[in-house]
Amino acid sequence: MTYTLRSALIPVEDGYATVDVQIEDDRIAAIAPGLPSVGTAIDAENKLLLPGFVNGHTHSPQFWQRGLIPQLPLELWLADVFDTSTTEVEKTYLGALGTAINTLLSGGTCVMDHLYLIAGQELESVAAAARAYKEVGIRAFIAPLIQDLPFVAGYPEGVQTLPHQPYPQSTADVLATMEAIVAQSHAPDDGIYIAVGPTGFHRCSDALFEGLRDLSNRHNLCRHTHLLETRSQKMLAQERFGGSAVKHLQQLGFLDHRTSLAHSIWLDDADIGILAETKSTVVHNALSNLRLGSGIAPVLKYLQAGVNVAFGCDGAASNDGQDMLEAIKIGSLLHNITDPDYQHWITPHKAVEMAAIGGFTGVNLADQVGSLTVGKQADLVLYDLKNLSLLPRTDPIKLLVLGRPNAAVESVWVRGRQVVLGGKLQTVDMAHFSQTIFNDGAGYHAPRYSTIHQVEAHYRRVMGLSECGETMA
Ligand SMILES: [Zn+2]
C-alpha cells in the first residue's frame, strides 16, 4: 500500500517540525515539508508522529491474572502465579490478543512475549500466540519460557532443603521442543519471530543455556532471559557460581547484541561493564519491580556506561495493565531519586527514544525499524494533539511521558499496515473481545493458593525475615 501522511508534527533537534511522510509498501520513502501526495493522502494535521515503541518484556497469558495476585515478593508471587496459570490454549490466544491490543493503544508496535507454555501443549501454545499476533497485526517476538530445573531451584538453599522432584523433562527434550517451535512458528516475513527464552539462570542449567545459544546461532534468533531481578537471585548466584551471574552468562557465550535481559536490578559495576562490552540490552520494567518490591535497576549507570536500555511492561500479573506510556513514565521518572545530578536524569525525549530505537536495538532490528528514517519499515504511531490530555500546546512529548495520556493514540501502522484508526482497532472487534473475556469469569472469587505454603517459611528464613506473620491471600 502507498500513502502519504500530510502535515504531521515530528520531533527534531531543536523542537518540532511539520512534515509530509510518504510510505511505499512497508517502508518510509520520504520525509520533508511540502511533498507531493503519493497514493492515499492521510490527514495528519494536529497529530504527533512517533516511531512505534517496543514492549520489551511481557508474559501474555498473565492477561488472565490482572488484578489477581496478592502483593508479594517475586519468589512467593511466582508460587501464586503458577497455581493460577491458564491451562487452556484458547486462553493463551486471547491473552496474546489482549496484550497486543493494550500495547498498540499505548504506542507500541512490537512486543517481546516471554511466553508461558502449557505443559504437553508447548507447540500449540506458541501457535496460539502467533495466531493472535498475526490477526491483530502487531510485530511480535515470542520467546517460549523454558527451564530444566525444578521450581525449588529458584530459592537460595532450595534444592538442598526443600522437598522436590526432578524437572519432568530432560534438557535434551526441552531443546528438541524449542527446535520444533522454531520450525513451526519462526516467520520473520510475517512479523512473527521466535526467540530463545530460558527463564533465567535460577531455573536453567548451563547445558540448556549452551543449547539455546547454539540454536540462536543456527537460526539467528534473539535471546531473552530474566536476570538478577531480586536480592534472592543474587544470593543464589553466589551460592551456585561463587560470584557473578553476569560473568557466568558471558562465559557461557549467551550475551551478545541479540540478547535482551529483563530487569537486571542487582548488578555491580563489573557486571555493567560486561553488558556494555557484549552489547546486551537491559529491559527495564519499573512498574513490575515496584509491585514485587524487587528493587530499582541502576538505569542511569547503564546509560552512562553505554548499555542499551529499553522499556517493558512485564506480565500483567505484576503490572495489572499493559500500558507502554505508563511503563515509560514510571521507568524514566523513578531514577530522579537515585542520582542528585539532574543532568543524568532521563528526559521525556530521551525516554521515547529508548522505548523506540532502544527497544528495536534489543531485538536486533534497529537497522530496519525504530526511528523516523527514510528506508526504514513503517512502524508508526499518530497521537491526537487535540486530545485534552495532550493540551495545552506546550510540548506534546513532555505531556505524553509526564502527563496522563488518555486514549491519545489516533492511528497505528505496523510494517506499513494500518491497525488502529480513529483510536479503534481495525483488526479486532473490541466489543466482542471484551464480551468474550467478561463471559469467562463467573464472579469475583479469590482463588485458593497451595504452593506458597510449601516455600514461604523457607523463603522467610533465607531472606532473614521474622518467622511470625501469616501472608494475606
Ligand atoms: Zn518476566
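Reader: How many helices and strands are there in the protein chain?
Author: The model considered here is predicted. Its secondary structure includes both element types, and the protein chain has 16 helices and 18 strands.

Reader: What is the radius of gyration of the protein chain, and how does it relate to the globule rule?
Author: For 473 residues the globule rule gives 23 Å. The value for the protein chain is close to this, so the chain is as compact as a globular protein of that length. The C-alpha trace spans about 70 × 50 × 45 Å along its principal axes. The radius of gyration itself is 22 Å.

Reader: Among contacts between residues at least 6 apart in sequence, what percentage join residues at least 24 apart?
Author: Two residues are in contact here if their C-beta atoms, placed from the backbone, lie within 7 Å. Among such contacts in the protein chain between residues at least 6 apart, the share that joins residues at least 24 apart is 75%.

Reader: Which element gives the most to the side of domain 1 that touches domain 2?
Author: Domain 1 comprises 2-50 + 382-423, and domain 2 comprises 51-362. The contact takes 15 residues from domain 1 and 21 residues from domain 2. On the side of domain 1 that touches domain 2, α14 (396-402), β16 (409-414) and β17 (417-421) each supply at least two residues. The element that gives the most, with five residues, is α14.

Reader: By class, which residues make up the side of domain 1 that touches domain 2?
Author: No polar residues occur on this side of domain 1. By class, the side has three charged residues, and the nonpolar residues number twelve.

Reader: Is strand β6 largely enclosed or exposed?
Author: Strand β6 covers residues 53-58, and six of its six residues are buried.

Reader: Which residue of β7 is the bridge partner of F53?
Author: Strand β7 (residues 108-115) runs parallel to β6, and four bridges join the two. In β7, the bridge partner of F53 is G108.

Conventions: Residues are numbered from 1 along each chain as its sequence is written. This is a predicted model: local features need pLDDT of at least 70, side-chain atom pairs count only at pLDDT 80 or more; totals for chains, interfaces and linings use all residues. A residue is buried if 20 or more other C-beta atoms lie within 10 Å of its own, exposed if 12 or fewer, and partly exposed in between; C-beta atoms are placed from the backbone. Two strands pair if DSSP finds at least two bridges between them. Domain bounds come from an automatic or database domain assignment. Ala, Val, Leu, Ile, Met, Phe, Trp, Tyr, Cys and Pro count as nonpolar, Asp, Glu, Lys and Arg as charged, and the others, Gly among them, as polar. The radius of gyration is taken over C-alpha atoms; the globule rule is 2.2 Å times the number of residues to the power 0.38.
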